[in-house]
Amino acid sequence: MHDDLDSLEAQSIYILREAYSRIKPMAMLWSLGKDSNVMIWLAKKAFLGKVPFPVAHLDTGLEFPETYAFRDRYATEWALELIKDACPPLEATDPTLPHNSRVAARKTLGLKAAIAKYQWKGVIAGIRRDEQATRAKERVFSPRDDAGAWDFRDQPPELWDHFAADLPDGVHMRVHPLLHWTELDIWRYIKREAIPVVPLYFANAENKRFRSLGEIGITFPISSPARNIDEIIAELAVTREPERAGRAMDHDSEDAFERLRVAGYM
Amino acid sequence: MSAVPLPIQSADQQRASLQQGRAFPIVIVGHVDHGKSTLVGRLLHDTDSLPTGKLEQLKAVSEKRGLEFEWSFLLDALQVERDQGITVDTTQIWFTTQQRRYVIIDAPGHKEFLKNMVTGAAQADAAILVVDAAQGLAEQTRRHAYLLHLLGIRQVAVAVNKIDLIGNDAARFRAVAESVRNYLVGIGIEPQAIVPLSAREGDNIASRSVNTSWYQGPTLIGALDAFTPRALPVEQPLRLPVQDLYRYGDKRIVVGRIESGRLKAGDRIRFAPLGREATVATLENWSGPDRPLPALTEARAGDSVAFTLDEDVFVERGALGSSPEHRPIDANRFTVRLFWLDKQPLRKGDRLTMKVGTAEREAQVESIVESLDVETLDAATAQQIERNGVARVVLRVRPPMAIDLYETLPRTGRGVLIRGPQIVAGLVIESAATRVSTDITAVDSSVTVQERIEMNGHRGGVIWMTGLSGAGKSTIAMATQRLLFSRGRHVAVLDGDNLRHGLNRDLGFTDTDRLENLRRLAEVAKLMAVNGSLVLVSAISPLQKYRDMAREIVGEDFREIYVSADIALCEARDPKGLYRKARTGEIKNFTGISAPYEAPQNADLVLDTAKPLEFAVTTLTEYIESIFGELPWHPDI
């Protein structure tokens, strides 16, 4: 009856309820990828069927058509309060960043704009520690300064699920309810719960599929014959390929992703 | 009996099956530069858990910096860490042995980053303590080991690293192993293995090394695979800190995580500190739109639950659910062991917030019992505790809170101290002074005022609310009583009108009778205040001389509150129809119509009832808590 997915789920629900109880107003980021779909599912479990805060898609206008179709269908089916604000253009991003990072940095600017517009004190994001080495350093409750920046040199202690949630003025909290999950956990849970995902995760006729889903132009499919969830799970259990191999912005330079994250990227 | 042939599994199949199941969390701790990050890199490599291209990437990073190949670059993900060669913050990484999946928590060894080390270690079931073979135990090794024990980690393997650098010398290893074992046993940890190894060379990590043929014990991975997962306290008494309450239509749903024990529909549940009891009606769940819900019959330790109750008892965040039979300790004075993480030292008299489960209380440091030298394990008296220090401290909280002792129920016997927005200490509760039993009916002299203050968390006092009939005195008093009560305050309302039905029914409305009426009201209020209650008196008390008399009777714990509303407003409200009767002459001597009302000139607080009721209630509550809520400090009691 109880397995490791049950304990991962229980921990995420605990985190979501802590955040909702202590930080207001708050929103959840919905990238439309597999992780954020699991996160919305967990929120529906935590709050017994209704997500009690808005769900924000920071839209660069560069999502795949399948992704937009998915968003519009499930925003309705899941009765989400969807915010779909457009991100600022490429010209507004830091010109010293490499090109692919600049495309990604549009999301950071979009997030900052949304935080200012809706006065959010908390933003829930579906990052995982196993995705990327700088994300592995994250806290569950991670304060960001008034510029949205992450002070990784001086992160607050977190002991036994005690998260400090009182915020000084101008600071917002990033809340990470999936930090302790792995990519394989996510797929096993999607299978168990039958959570819908964008079909781009499954192999097409050319045996290409997306393992990590982002914008057109900076995300690329991997070679894989996995056509259903079982095949994806079997593939992941033995693969040595990193999950974000298809994400161009991670590979611009040694610290490209760290620079993005310190500046407030998800 | 015929032998059953074992199914033959490919390496991939074997690996795939191992990816299921909970990852066993282990933390790697030890002094800076003793080789933790290198060891993690080697563990990943030797268990074939590195992603494709990672090794090549690390080689490129090392070459670019003109350095020898550095395993630690694998974990030191931050630019500053790679540049300075130290781990700043804790990180996590997954690997799989032939036995099970692990998540390894790499904790920084640098003294500066102890808060990051404890953050990492608090999540682990077991630990690897890394010790440099040449240097032996160092200050941070001792501190980390001590903190492991305090954090509740009982399974420890010691990696005596860099054995190659001392020429694989067996005698030297035995000397180091002996001193490490002595220290660990001294703090209550029996190490499960002490392994001589070289993280850089891979000796005794995954396989036994020929360089240390004198060593007969397990490899490091063998030692890890021998650890047992920490069991959730399912068979212990129920503890369920309430996180929140959701109201869906008529349904009130209580949510929280079960820290120990079990819960099912039909169970009786008690909520500390107020002691309200109810029966669990339903366990709530959601499993997707239009899907039949598998009936949730029982939840247990580790589960995040939602449930409804059979009656509408008052429950809020911070309450601690238990069975009525196996209650937590209700106390306001604790001896705790804590580790201090803030730059600003901890001093006697400091005020902080203590958090255990979801309950938070104002706490004050009554005394620093002793400071612990982790080097020598000597305890000494101390005036203050510096950052990264370990100490035994007596804390006093108000109002009392429901807790357990750490040794009985660790998950509700530990907590944190918070100052401003920051967690500044972790603590475990060693002993608690329970509250005076409320079942004892004592004559006054057997309980002192100070004892009452300690028990209630506040002083008693008289909040005398004056104003015209219909101004809203009783309404405000009742709502304020409710709010104060919900915060655990001892509170009562004395309503002038109500007392005229009993105690004062022999009195009329002449000036003399009104004076006597208020004298008795003040005397009763005083008695109740002396016995610890916050007494909200709702009485028109029209003349200043009446109110001065009441102040004289009660003494310094008297506050005069003017509930201000003009006569036109009161007459328009006329809740009891009295103004109408006064206008028609049915009632004589009616304040504001046929008798004078003197508005207070020097009220302690004025409540403007033109504003919404909540505003007056909040203002009054905050005022009362600011005056009577403060626990006077008597360190010598």
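Which residue in β5(B) is the bridge partner of B:Val130? In this predicted model, the partner is B:Ala159. Strand β4 (residues 126-132) and strand β5 (residues 155-161) of chain B run parallel and are joined by seven bridges. Strands are DSSP runs of E of at least two residues, helices are runs of H or I of at least four, and both are numbered from the N terminus. Two strands count as paired if DSSP finds at least two bridges between them.

This is a predicted model in which local features need pLDDT of at least 70 and side-chain atom pairs count only at pLDDT 80 or more, while totals for chains, interfaces and linings use all residues. Residues are numbered from 1 along each chain as its sequence is written, chains are lettered from A and ligands numbered from 1 in the order in which they are written, and side-chain values use heavy atoms, with hydrogens and water left out.

The pair in chain B belongs to an open, mixed sheet of six strands, in the order β2-β3-β1-β4-β5-β6. β2 (91-96) and β6 (193-196) of chain B are at the edges with a single partner strand each, so one side of each has no neighbour in the sheet. From one strand to the next the twist averages 25 degrees. Helix α2 (residues 36-46) of chain B packs on this sheet, touching β1 (24-30), β2, β3 (101-106), β4 and β5, and its direction makes about 145 degrees with that of β1(B). Contact here means heavy atoms within 4.5 Å; angles run from 0 to 180 degrees between N-to-C directions, with axes fitted to C-alpha atoms, for helices over the stretch in contact.

Chain A also has an open, mixed sheet of six strands, ordered β3-β2-β1-β4-β6-β5. Its edge strands are β3 (82-83) and β5 (141-144), each with a single partner strand, so one side of each is left without a neighbour in the sheet. Two bridges join β2 (residues 55-56) to β3(A) in parallel, and A:Val55 has A:Leu82 as its bridge partner. α2(A) lies across β1 (26-29), β2 and β4 (122-124) of chain A, at about 140 degrees to β1(A).

The two chains meet through 56 residues from chain A and 79 residues from chain B. Across this interface there are five salt bridges (a side-chain nitrogen of Lys or Arg within 4 Å of a carboxyl oxygen of Asp or Glu). One of them joins A:Glu18 to B:Arg317, with the closest N and O atoms 3.0 Å apart. On the side of chain A that touches chain B, α1(A) gives the most, with ten residues.
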